[in-house]
Amino acid sequence: MVCGVDRNAIRRREGYDMTTWIRHRGWTWGFRSTVLLYFLALIVFPIFGIYVQSFSSGWTHFAESIADPIAWKAVLLTIKLGVIATLINVCIGTMIAWVLIRYRFPGRTLLNSLVDLPFALPTAVGGLMILLLLGPGSLLGSLAEKMGAQIVFHQPAIVIAMLFVTFPFVIRAVQPLLEELDPLEQEAAYTMGASKARTFFKVILPSMLPGIISGGMLAFSRALAEFGAVVLVAGNIPGRTLIASVFIFGEVESDNPAGAAAVSILLLTLSFIILWVISTVQQRGRRA
Amino acid sequence: MRRLWIGLTYVVFIILLIIPLSRIAIGAFEKGLDGFMEGLLRPEALHALMMTGLIVVLVTLLNALFGIMMALYLVRANWLSRRIKGVLNSIVDLPYAVSPVIGGLMIVLLLGPDSIIGGFFEGIGFKVVYAFPGMVIATLFVTFPLMVREVMPVLQEIGHDQEQAAATLGAYGWTTFRKVTWPSIRWAVVYGVVLTVARSLGEFGAVLVVSGNIMNKTQTATTLVYQDVENFNVAAANGVALVLAAFSVGILLLMEWAKKRKDVQ
Amino acid sequence: MHVEVRDLNKHFGTFHAVKNVSFGIEKGHLIGLLGPSGGGKTSILRMLAGLENPDSGQISFHGQVVNDLPPQERGIGFVFQNYALFKHMTVFDNIAFGLKVKKTPKAQIKDRVMELVELTGLKGFESRYPHQLSGGQRQRVAFARALAPEPQLLLLDEPFAAIDAKIRQELRSWLRELIERVGITSIFVTHDQDEAIEVADEIMIINQGRVEQKGTPWDIYKEPTTPFVASFIGESTVISSAAELKGFEAASNKNATRALIRPEYIEIGSEHDFSVLSATETGIVRHLHFRGSEWLVEVEVKGHKLITYRSLEKETLHPGQEVRVLVHRAYLFNDEHSWIEENRLKVDPMPIMI
């Protein structure tokens, strides 16, 4: 029990471990460099590569690729439809987050798990679903056609596809904030004579706002990037229903990687900016 | 008021999720069970499902392993300066911002037959792009952040103390990880695995660009669905799509379960 | 074991946390590292454990330099401030961890763990998880876990910081007794002087990365060697010019000499209470605070507020009352020196005058 002096133990340990220790170090460094190398080769290198590639044949070539009306119209269309889908999602998402957190009703847990379905479902399957539901020959599709509205292969279908794949983002960003929000804050507002509407706009909405913004941003960047669901339901007519990611795919297919790369870095840079804004918003939210 | 909101929520879910999901199921059985089996048992469908399965297994294994290591390094490493860790940390998120199509394009540009590296591999008889390795790399790229982002917050939360306590008690790195760190991050890892499986199962854009979508060679389940639709063979697409959708619902259930276990921890 | 530290330095970024720290610790001693928060105590402890690498300097155990040994090889036990118990392991598994790592035979592990469970009064709690224990029990588990592999040096980082004030007292004497029984060299970090004085054989006062003084609690209290130690240990009042005090006029020879006076250096009373009245001064009682077992008296002398205690047995004073004040001794210091001086008039009541 009493721990006596054991000089020999230390000496023995030291001698014994000189060899294992060196081997140990070697392993450690091997591991570290492997992981970092994997990371660099997989993530950093390709992104770096695409920027280099698109400028490799000079600015003029890059400018030419961008100046192609089909290209810039595709980018603009993507942004426009992405904004529409995001705005709809912000409204629906905030409402659903609110309902799922604040109300108790039958089926709540089921709905709550269903929120993640678009994450789990392959986007191509999502596109197929929309096609089946609204496509030519379907009940809804022919109904809409009779009324003179065209959905599939037109812009509404693209928005619906974007809506579907970005559905969970706002909900999942707002929910934790609502959960943290102390009901006492609301009650405090009531005791000070604030009306329900006033309380909502002055107390509840501000605390949800970081979630709405970062969730909306995430949804927007996902909408810009979406390909699988859209390619199946969009008509892909240049200038009208051709979005950026589909355009890039077309350029690759027609063996024009330089043109694809030029549009890609436009889209990429935009996404990186959004990502940066999200992390700034989140950091500010954490500090507050 | 309350009723109205709940009703609206139900309406959104039904229109956006439940009707489309059931439509796939109905579509798959439009021509009866035989039609469904026929669509599913085509040789190209079986091959595509096998490819998807292989990619899922390989990608999940690799990214789970490297993702956990990366998370450990980003949170714990004292051999990296804080600034470098900050930069690496933000780079981890980049694949989220990259459109899958662009991700695929990057790999074609870097490793395609016309590139230096691709040319070298081609020279030694190893095809990367328009072959299995390229598809795996594309999926690895897209799914890399998932595991890292699940494990990192848990590591940050449990702190360094228990691991240091283990060190003072004589445990080296591997023992400490196995006995002390692993039990705490276990459920986060399970959740990360489920997410990675879901994402690699459903990956479409990147794989489509990289694979060239060659039937019976580089076609995966999702690219087969795409090809069927392009060929106006919607009924056949439904069978494969239903299988994928069923997997997704299964994954969803797993996600719920893993999330609950994670919260308990 | 014998611990020797020489010229230890540690920087965190631009912050110089530990500055040229040197000390030696005899085998079997219980040492308290005492000082204000952020003074570098914990950094010293962590460097001894090998959890932090010193920028320069030498740490040796038994005369052998251990700087390059990782924590696993140092044969130390470490009790963390918040215990860092393994959350997913039972009390038994927590205590057994170090032994299992060393591949001790199962039967032996069981014996040793049960012995420690008994020793730390945790019998019956072996199969509980940390979250099912009270703060004091967790502390005992942390202690037992650190002792299990029979370390030669026990390091404790603020061992009582996370415990209720009431139980803390009880745990302190328990810990002291236990360490004595085990006979292990121990170093603990604390910012609480009562704790250090009560538990430690020897105290090292650490401030701004330096060792200010090392000695037994009594020595440090009686003879502080730096102004910081004098003001940090015990209660005291600082007078900006010592020469104004009666009996300390000699201090005026040196300019800007200040005096630090402890409550127990001061005696107050009426004229007939003092044998040498010329050594006293007149003061006015300003405030009286009842302290449970005594009065704390604030008395004003020549515009300086002095604090002293007064027994409840003596006649009660009132605010505004005039009293005689005798300052027996003071701790004097200026920019160059510091020393303890007795009241000169008290010792030598001007015999030539008589």
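**Patches, buried helices and salt bridges in a predicted model**

In this predicted model, Val11(B), Ile14(B), Ile15(B), Ile18(B) and Ile19(B) make a nonpolar surface patch of about 390 Å².

Me: Why is Val11(B) called partly exposed?
Reply: Exposed needs over 50%, and buried means under 20%. The value for Val11(B) is 43%, so the residue counts as partly exposed.

Me: Where in chain B does Val11(B) lie?
Reply: Val11(B) belongs to helix H1, residues 2-28. Chain B as a whole has 13 helices and 0 strands. Its pattern along the sequence is α-α-α-α-α-α-α-α-α-α-α-α-α.

Me: Which residues of H9(B) are buried?
Reply: They are Gln162(B), Glu163(B), Gln164(B), Ala165(B), Ala166(B), Ala167(B) and Thr168(B). Each is therefore under 20% relative accessible area. Just after H9(B), Gly170(B) takes a positive phi of about 100°.

Me: What share of chain B counts as buried?
Reply: The figure is 58% of its 265 residues. The accessible surface comes to about 11300 Å², with 67% belonging to carbon and sulfur atoms. The C-alpha trace spans about 70 × 65 × 30 Å along its principal axes.

Me: What share of the contacts in chain B with a separation of 6 or more joins residues 24 or more positions apart?
Reply: Such pairs account for 72% of those contacts.

Me: Why is the pair Arg199(B) and Glu203(B) called a salt bridge?
Reply: The cut-off is 4 Å between a side-chain nitrogen of Lys or Arg and a carboxyl oxygen of Asp or Glu. The closest N and O atoms here are 3.3 Å apart. That is within the cut-off, so the pair qualifies.

Me: Are Arg199(B) and Glu203(B) buried or partly exposed?
Reply: Arg199(B), at 24% relative accessibility, is partly exposed. Glu203(B) has a relative accessible area of 3%, so it is buried. The line between the two classes is 20%.

Me: How do you know that Asp219(C) and Lys222(C) form a salt bridge?
Reply: Their side chains meet at 3.9 Å, N to O. The limit is 4 Å, so the pair counts.

Me: What separates Asp219(C) and Lys222(C) along helix H7 of chain C?
Reply: They are 3 residues apart in H7(C), residues 217-222, so about one helical turn separates them. An α-helix has 3.6 residues a turn, so residues three or four places apart point the same way. Asp219(C), at 35% relative accessibility, is partly exposed. Lys222(C), at 32%, is partly exposed too.

Me: What makes Arg329(C) and Glu342(C) a salt bridge?
Reply: The closest N and O atoms are 2.6 Å apart. That is within 4 Å, so the pair meets the definition. Arg329(C) lies in strand E18, residues 329-333, and Glu342(C) in strand E19, residues 338-342, so the bridge ties together parts 13 residues apart in sequence.

Me: Why are Arg329(C) and Glu342(C) called partly exposed?
Reply: The class runs between 20% and 50%. Arg329(C) has 27%. Glu342(C) has 34%. Both therefore fall in that class.

Me: How many salt bridges does the structure hold over all chains?
Reply: There are 25. Asp116(A), Arg172(A), Glu256(B) and Lys259(B) are linked in a network of them.

Me: How many helices and strands are in chain C, and what share of its residues is buried?
Reply: Chain C has 9 helices and 19 strands. Buried residues make up 52% of its 354 residues. Its accessible surface is about 16000 Å², with 49% from carbon and sulfur atoms.

Me: How many positive and negative side chains does chain C have?
Reply: There are 41 positive and 47 negative, and the centres of the two sets lie 6 Å apart. For chain B, the counts are 20 positive and 16 negative, with centres 10 Å apart.

Definitions and conventions:
Residues are numbered from 1 along each chain as its sequence is written. Chains are lettered from A and ligands numbered from 1 in the order in which they are written. This is a predicted model: local features need pLDDT of at least 70, side-chain atom pairs count only at pLDDT 80 or more; totals for chains, interfaces and linings use all residues. Side-chain values use heavy atoms; hydrogens and water are left out. Patches are made of residues with over 30% relative accessible area and no salt bridge: like charges are joined within 9 Å, nonpolar side chains (Val, Leu, Ile, Met, Phe, Trp, Tyr) within 5 Å. Accessible areas come from the Shrake-Rupley method with a 1.4 Å probe; for residues, only the protein chains shown count as cover. Helices (H or I, at least four residues) and strands (E, at least two) are DSSP runs, numbered from the N terminus. Buried means under 20% relative accessible area, exposed over 50%, partly exposed in between (1.4 Å probe, protein chains only). Contact means heavy atoms within 4.5 Å. Lys and Arg count as positive and Asp and Glu as negative; His and the chain ends are not counted. The place of a charge is taken as NZ of Lys, CZ of Arg, CG of Asp or CD of Glu.
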